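Dear colleague,

I am handing over the structure that we spoke about, and I would be glad if you looked through it slowly before reading my notes. The notes come after it.

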Amino acid sequence: MINILYCGDRNIEDGLIISVLSLLKNATEELNILVMTLSHDEILPVTKETVRYLDLLAKEANPENRVSLIDATELFLKQIPAANMETRFTPCCMLRLYADQIPDMPERILYLDNDVVCRRDFGDFYHQEMENEELAGVLDYYGSWFFRRNLFHRDYLNSGVLLLNMKKIRETGLFQRCRSLCETKKMFMPDQSAINKLAEHKKICNRQYNDQRRFHEDTVMQHFSTTFRFFPRVRTLTVKPWEVEKVHSVLKLHEYDDLLAEYIGVKAGMQSAAKEAAC
């Protein structure tokens with residue numbers, strides 16, 4: 001079995017659908033997909049209806065698959081990341097830091113951002129040796145050059161794809177210390193910064209397991225993160241997989257056309273089911 005974790009509010013649902021569909025298309029093992037969400041002030045949680053629909057799709061691919069929703073509101077309210085509540089990164093970005101407090105959380109779990117698309121089977125990445133590491137991931141394409149503790153060693157990981165050893169994380173108290181830091185210190189990309197600052201046992205993996213800059217022929221997981229473009233002028237570029245027209249026109253990427261067509265069909269089916277339920 002492969003355990004997957006997503007975290008976020010209702011705004012992640014489009015990406016969640018695409019990412020889950022990509023897993024179902026490429027995984028060769030049973031999937032246990034967990035979605036952590038919260039409801040707080042103006043933050044709306046991922047809907048039960050969306051998770052229920054994804055669970056049905058998952059079981060069509062493999063009857064042993066399952067998609068479950070976890071409401072982490074109470075845990076979040078007990079330890080609010082107060083110093084980072086007003087940053088451009090929503091509080092839901094920090095939800096993964098509460099995973100060690102979830103009852104029955106699997107000892108090994110693969111965390112994915114909702115803008116990560118799976119292209120190939122990732123079983124080798126999931127099942128790698130992790131006895132002594134808290135987590136495994138890929139160097140951040142930009143941040144690893146600028147944010148590092150050792151001048152001569154790049155070790156700053158991108159947190160969009162992280163293989164978590166929950167047993168080790170509980171032993172070292174990593175997530176507890178990360179939550180405490182987010183409570184008191186304002187940071188750029190708070191959860192990613194906290195993890196990189198405090199993790200002492202991390203494993204650096206090959207680029208293809210979190211391809212952040214562009215698609216390659218050996219890409220296993222493509223992360224549609226913000227990148228820089230330098231011509232004809234310096235600028236940032238952000239295109240998400242659910243922005244189908246931009247994926248084609250801006251990124252000139254057609255690798256996922258079948259997947260995106262399936263996503264459009266699933267969205268239509270969900271909207272139709274919602275209308276029927278409302279009648």
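Predicted model: local features only at pLDDT ≥ 70, side-chain atom pairs only at ≥ 80, totals over all residues.

Residues are numbered from 1 along each chain as its sequence is written, and side-chain values use heavy atoms, with hydrogens and water left out.

Helices (H or I, at least four residues) and strands (E, at least two) are DSSP runs numbered from the N terminus. The expected span of a helix is 1.5 Å times one less than its number of residues, so the 22 residues of helix H10 (residues 257-278) should span 32 Å, which agrees with the 32 Å between its end C-alpha atoms. Buried means under 20% relative accessible area and exposed means over 50%, with partly exposed in between (1.4 Å probe, protein chains only). The buried residues of H10 are Leu259, Leu260, Tyr263, Val266 and Met270. They lie on the same side of H10 because they cover an arc of only 110° around the axis, the arc being that of the directions from the helix axis to the C-beta atoms. The face of H10 turned away from that buried side carries the exposed residues Asp258, Lys275 and Glu276.

Taking contact to mean heavy atoms within 4.5 Å, the buried residues of H10 pack against helix H1 (13-26), helix H2 (48-61), strand S5 (116-118) and helix H9 (244-249). H1 itself is mostly covered, since twelve of its 14 residues are buried, among them Leu16, Ile17 and Ile18.

As for the cysteines, a disulfide is a pair of cysteine sulfur atoms within 2.5 Å, and the structure holds zero disulfides. Cys7 is in no disulfide, and the nearest cysteine sulfur, that of Cys92, is 8.5 Å away. Cys7 is buried, with a relative accessible area of 10%, and Cys92 is buried at 4%.

Finally, Asp211 sits in the loop between strand S8 (202-205) and strand S9 (221-223), and at 2% relative accessibility it counts as buried. A polar contact is a pair of N or O atoms within 3.5 Å; within protein, one must be able to donate a hydrogen and the other to accept it, and residues adjacent in sequence count only if both atoms are side-chain atoms. The side chain of Asp211 makes such contacts with the side chains of His216, at 3.2 Å, and Thr219, at 2.5 Å.

With best wishes
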